[in-house]
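Below is a short report on one chain and its two ligand shells.

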Amino acid sequence: MTTRSSRSAYGSVAVGIHWLSALLIVGLFASGTLAENTVDPATKAMILTAHAPMGIGVLLLTLFRLVWWWRFDTKPAPLGEGPAWQESLAKVVHVLLYVVTLGMAASGIGLFVLSGAGQIIFGGAPGPLPDFELFPPRVPHGIGAKLLLGLFIVHAGAGLYHHFIKRDTTLKRMWFTRA
Ligand code: HEM
Ligand code: HEM
């Protein structure tokens with residue numbers, strides 16, 4: 001398989017970024033929800049010590065992905081086997097996945113900076129951890145989490161539908177072996 005995509009399949013760089021980002025985002029859902037539901041400040045701080053770098057990792061991967069598509073690679077042509085509305089919906093969902101992911105990373109960083117949690121968790125400043133609900137970026141971070149989960153379900157559901165019901169090459173061409 002080649003680094004760049006062909007007309008019929010994604011290249012190894014696009015596939016690598018896609019699955020690494022997906023894995024990290026699943027980890028972020030889990031750790032974010034765990035942090036939100038943890039009362040003990042020490043445990044919460046420990047969870048956020050993993051959550052924040054993962055979020056920054058996804059941010060860097062997403063920025064690299066945008067540059068990759070913009071300057072170095074071209075997406076494969078749609079399979080063209082389904083109705084046009086499905087292709088349009090897929091495109092809209094892909095764009096929203098980018099927008100909401102970037103929004104989550106920005107609001108998470110904003111939350112850490114404004115609340116001083118970044119200094120406490122990574123800078124050795126004395127605690128206790130702040131109440132995140134008191135800081136404005138907590139609202140978009142919470143709404144964005146739900147939006148991203150909705151998009152994830154629609155997007156992954158569509159991938160599985162193509163693979164198991166329609167039995168076409170949609171999912172295979174987003175993997176490391178050629179379809
Ligand atoms: C794509 C990136 C990210 C995703 C998908 C994500 C996901 C989540 C989720 C699902 C929650 C729980 C929200 C809720 O249930 O209302 C959460 C909470 C939180 N996240 Fe993130 N996050 C991301 C990036 C970040 C970053 C980069 C930081 C900090 C630098 C951060 C800091 C926090 C904090 C402080 C909370 C609040 C915990 C609480 O209220 O107890 N997040 N995140
Ligand atoms: C939160 C996690 C995920 C994100 C953010 C995400 C994002 C994206 C984006 C933006 C694209 C368009 C290609 C690109 O711009 O690089 C894409 C394509 C694709 N994704 Fe995901 N994805 C995620 C999880 C998944 C999962 C779990 C599956 C499988 C069940 C999946 C299956 C696919 C497939 C098959 C394509 C190719 C679609 C086509 O060729 O039209 N994705 N994904």
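## Helix α1

In α1, the buried residues are A14, I25, L28 and G32. Buried means that 20 or more other C-beta atoms lie within 10 Å of the residue's own; exposed means 12 or fewer, partly exposed is in between, and C-beta atoms are placed from the backbone. The cover over these buried residues includes α2 (41–72) and α5 (138–166). Cover rests on contacts, where two residues have C-beta atoms, placed from the backbone, within 7 Å.

Helix α1 spans residues 12–36, 25 residues in total. From first C-alpha to last it reaches 36 Å, close to the 36 Å expected at 1.5 Å a residue. The expected span is 1.5 Å times one less than the number of residues in the helix.

## Model and conventions

This is a predicted model: local features need pLDDT of at least 70, side-chain atom pairs count only at pLDDT 80 or more, and totals for chains, interfaces and linings use all residues. Residues are numbered from 1 along each chain as its sequence is written, while chains are lettered from A and ligands numbered from 1 in the order in which they are written.

## Overall fold

The chain has five helices and zero strands. Read from the N terminus, the order is α-α-α-α-α. Helices (H or I, at least four residues) and strands (E, at least two) are DSSP runs, numbered from the N terminus.

The C-alpha atoms fill a box of roughly 55 × 30 × 25 Å along the principal axes. Of the 179 residues in the chain, 16% are buried. Take the contacts between residues at least 6 apart in sequence: 68% of them join residues at least 24 apart.

## Helix α3

Helix α3 has 32 residues. Its first and last C-alpha atoms lie 46 Å apart, close to the 46 Å expected at 1.5 Å a residue. Its buried residues are L97, V100, T101, M104, A105, S107, G108, L111 and F112. An α-helix has 3.6 residues a turn, so residues three or four places apart point the same way.

The cover over the buried residues of α3 includes α2, α4 (117–122) and α5. After α3 comes G116, with a positive phi near 85°.

## Nonpolar cores

The largest nonpolar core holds eight residues: I25, L28, V58, L97, V100, M104, A105 and L148. Helices α1 and α3 each supply at least two residues of this core. The most come from α3, with four residues. Apart from this core lies another, of five residues, among them L48, A52, F112 and A117. A nonpolar core is a set of buried Ala, Val, Leu, Ile, Met, Phe, Trp, Tyr and Cys residues joined through C-beta atoms within 7 Å.

A52 sits in helix α2. Why does A52 count as buried? Because 22 other C-beta atoms lie within 10 Å of A52. Leaving aside neighbours within four places in sequence, A52 is in contact with G108 and F112. A52 and S31 are 21 residues apart along the chain, and their C-alpha atoms are separated by 9.6 Å.

## Ligand shells

Ligand 1 is surrounded by 26 residues, and the closest are G32, G55, G108, G142 and A145. The elements giving two or more residues to this shell are α1, α2, α3 (84–115) and α5. A residue is near a molecule if its C-beta atom, placed from the backbone, lies within 6 Å of it. The shell around ligand 1 has 17 nonpolar, eight polar and one charged residues. Ala, Val, Leu, Ile, Met, Phe, Trp, Tyr, Cys and Pro count as nonpolar; Asp, Glu, Lys and Arg as charged; the others, Gly among them, as polar.

Ligand 2 has 19 residues around it, of which A22, I25, A156, G159 and M174 come nearest. Helices α1, α3 and α5 each supply at least two residues of this shell. By class, the shell around ligand 2 has eleven nonpolar, seven polar and one charged residues.

## Exposed sites

R167 lies in the segment after α5. R167 counts as exposed because it has 8 C-beta neighbours inside 10 Å. Its phi is near 55°, a positive value in a residue other than glycine. Most residues other than glycine have a negative phi.

D131 lies in the loop between α4 and α5. D131 is exposed, with 9 other C-beta atoms within 10 Å. D131 and A117 are 14 residues apart in sequence and 9.5 Å apart in space, C-alpha to C-alpha.
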